[in-house]
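Please look through the structure below before reading the numbered points.

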Amino acid sequence: MAPRLAAVVPRSLVLAVMLVLLLGTATFTYAAQQRIATTKPAAATKPAAPPLVVVPNVSGQAYVFAKGTLQDAGFAWRVEGSVRGYAANTVVEQRPAAGARVLDTGAPLVVLRLSANKRYAQDGEPENSSPYPGTEIRYPNAPAKSAPKPKPAPKPEPKPAPKPAPKPKPAARPPAFHVPGARKEPLDEIPLPKRAARLEGWLARHPHPTNANVRHWLYQHAWLVQGAEFGWWHGGQALEILIGVDRRVESLWGIGYRSEGVARAALKRVRARAR
């Protein structure tokens, strides 16, 4: 009887230990599964959409003005077609069209087509693109309707800060005459007589007709002639200085005779309209 009892007791003890281990393992596994099931992944946040910009209207403008308009609005540009990017040529087509709303991708690229200005020789190296790379044109999708946001609690009114001193307004430049549809003189640019005087000083420091020098002279020449014919302030005075610059160009570089003729014809028209 004693040996049989001794054999039974250890076996029961082993079974009891095994049962406890099995129950403990099952309980730990269940708790781990419950913890994993209740853990939810964090919701991904959508990046904010870039702002919209409006393509400016440069059709009909001289290329020298169209470039400034596009640059001021944050756009890049590229000239396509047989007529190249000389300052006095005229924009006849633009893509995207004026008024199109596009995403601000950095410097959205506007493609231009030009017509040649026959009053100017197509000399020098043309500028067929912006000095910085353009980015893709992307149009916005239809805006999704969102639930109205709850109104925030009213904040206490802050104490009024002292008003900054008003910025001085640029000096008025009354036009010599009005041209319907012409671009108004940009007051953030230097006046035409001062621009012509700077060109005269620049020429004294650049006596050689490199491509870059010829391109700079033609750019400034077109700006001065177009601005004077638009009736900008003291355009006649600027053209008188410009004609002297052209004569100096003829002496130094051996070119510029045709440009001088353009400036003289423009001066004649400006004087006639300013009377």
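**Notes on the model**

1. Leaving aside neighbours within four places in sequence, L239 is in contact (heavy atoms within 4.5 Å) with L224, V225, A228, A263, A266, L267 and V270. The C-alpha atoms of L239 and A228 are separated by 7.4 Å, and these two residues are eleven apart along the chain. L239 counts as buried because its relative accessibility is 0%; buried means under 20% relative accessible area, exposed over 50%, and partly exposed in between, with a 1.4 Å probe and protein chains only.

2. Before going on, note the basis of these values: this is a predicted model, in which local features need pLDDT of at least 70 and side-chain atom pairs count only at pLDDT 80 or more, while totals for chains, interfaces and linings use all residues. Residues are numbered from 1 along each chain as its sequence is written, and side-chain values use heavy atoms, with hydrogens and water left out.

3. L239 sits in helix α5. Helices (H or I, at least four residues) and strands (E, at least two) are DSSP runs, numbered from the N terminus. Helix α5 covers residues 235–253, which makes 19 residues. From first C-alpha to last, α5 reaches 26 Å, close to the 27 Å expected at 1.5 Å a residue; the expected span is 1.5 Å times one less than the number of residues. Just after α5, G254 has a positive phi of about 80 degrees.

4. Which helices do the buried residues of α5 pack against? They pack against α3 (192–205), α4 (211–229) and α6 (257–274). Among the buried residues of α5 are G235, A238, L242, V249 and W253.

5. The structure holds eight aromatic pairs. Rings of Phe, Tyr and Trp (its six-membered ring) pair if their centres lie within 6.5 Å; planes under 30 degrees apart count as stacked, over 60 as edge-to-face and the rest as tilted. One of the pairs is F65 with W223, which is edge-to-face at 4.8 Å centre to centre, with 75 degrees between the planes. This pair links distant parts of the chain, since F65 is in helix α2 and W223 in helix α4, 158 residues apart. Both F65 and W223 are buried. Ring pairs also link F65, W223, F230 and W232 into a cluster.

6. Three strands form an open sheet with mixed pairing, in the order β2-β5-β3. Strands pair if DSSP finds at least two bridges between them. β2 (76–79) and β3 (90–95) each have a single partner strand and stand at the edges, so one side of each is left without a neighbour in the sheet. Neighbouring strands are turned by 35 degrees against each other on average, direction ignored.

7. How many bridges join β2 to β5? There are four, and β2 runs parallel to β5 (residues 109–115). R78 stands opposite V111 in β5. Helix α2 (residues 63–72) lies across β2, β3 and β5, and runs at about 150 degrees to β2. Axes are lines fitted to C-alpha atoms, for helices over the stretch in contact, and angles run from 0 to 180 degrees between N-to-C directions.

8. For the whole chain, the secondary structure comes to six helices and five strands. Of its 275 residues, 32% count as buried.
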